Amino acid sequence: MAATKKGVKRKAATAKKSAAPKKRVTAKKSATKKSPTAASNRRSAAAKNKALTAKLRDDLKATKEALRAARAAAKEEIKLARAAVTAEVAVLKDQLAAALKREKELMALAEKKAQMMIAAGARWEKAQMKKIQQIGTTIKTRKARTKKA
């Protein structure tokens with residue numbers, strides 16, 4: 001007797017398939033790519049380089065234009081600022097001149113007032129001296145009268 005291994009199952013006999021041979025499907029062949037030649041690589045690189053150069057040139061041109069516009073705007077802004085500052089300085093000069101004029105007038109007025117006060121003081125002093133002299137003369141005359149009598 002033939003000994004069979006445990007766990008191994010025998011395949012059951014299957015019915016034979018039809019005798020017509022099965023058609024094999026052939027795989028589609030992809031078109032083979034030609035590897036690029038050195039000349040085509042150079043052409044491609046030159047074209048890409050030319051496109052990049054053109055793009056960079058356009059960017060540079062746009063940047064220059066933007067800088068020109070910014071410079072012109074800044075110049076105009078500085079011109080306006082200078083005009084504003086000049087006008088402000090003119091106003092301040094006028095205010096200073098007016099203040100100096102007022103101060104000069106006040107000084108003149110104060111000097112005039114001081115001179116008037118000095119003159120008034122001098123007049124008062126004269127009047128007081130006159131009174132004192134009159135009092136002195138009246139006292140002398142009284143003494144003289146009293147001595148005679």
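Predicted model: local features only at pLDDT ≥ 70, side-chain atom pairs only at ≥ 80, totals over all residues.
Asp59 is partly exposed, with a relative accessible area of 38%.

The side chain of Asp59 forms a salt bridge with that of Lys55, at 3.6 Å from N to O. That distance qualifies because the rule asks for a Lys or Arg side-chain nitrogen within 4 Å of a carboxyl oxygen of Asp or Glu. Both residues belong to helix H1, which covers residues 38–148. Asp59 and Lys55 are four residues apart there, about one turn of the helix.

Which residue does Glu65 meet in a salt bridge? The partner is Arg68, and the N to O distance between the two side chains is 2.8 Å. Glu65 and Arg68 also lie in helix H1, three residues apart, again about one turn of the helix. As for accessibility, Glu65 is partly exposed at 46% relative accessible area, and Arg68 likewise counts as partly exposed, at 47%. In general terms, side chains of opposite charge can pair when their charged atoms come close.

How many salt bridges does the rule give in total? The count is two, and I have now described the Asp59 and Lys55 pair and the Glu65 and Arg68 pair.

The protein chain contains one helix and zero strands. Of its 149 residues, buried ones make up 0%.

Conventions
Residues numbered from 1 in each chain as written. Heavy atoms only, no water. Helix = DSSP H or I, 4+ residues; strand = E, 2+ residues; numbered from the N terminus. Buried < 20%, exposed > 50% of the residue type's maximum accessible area, 1.4 Å probe, protein only.
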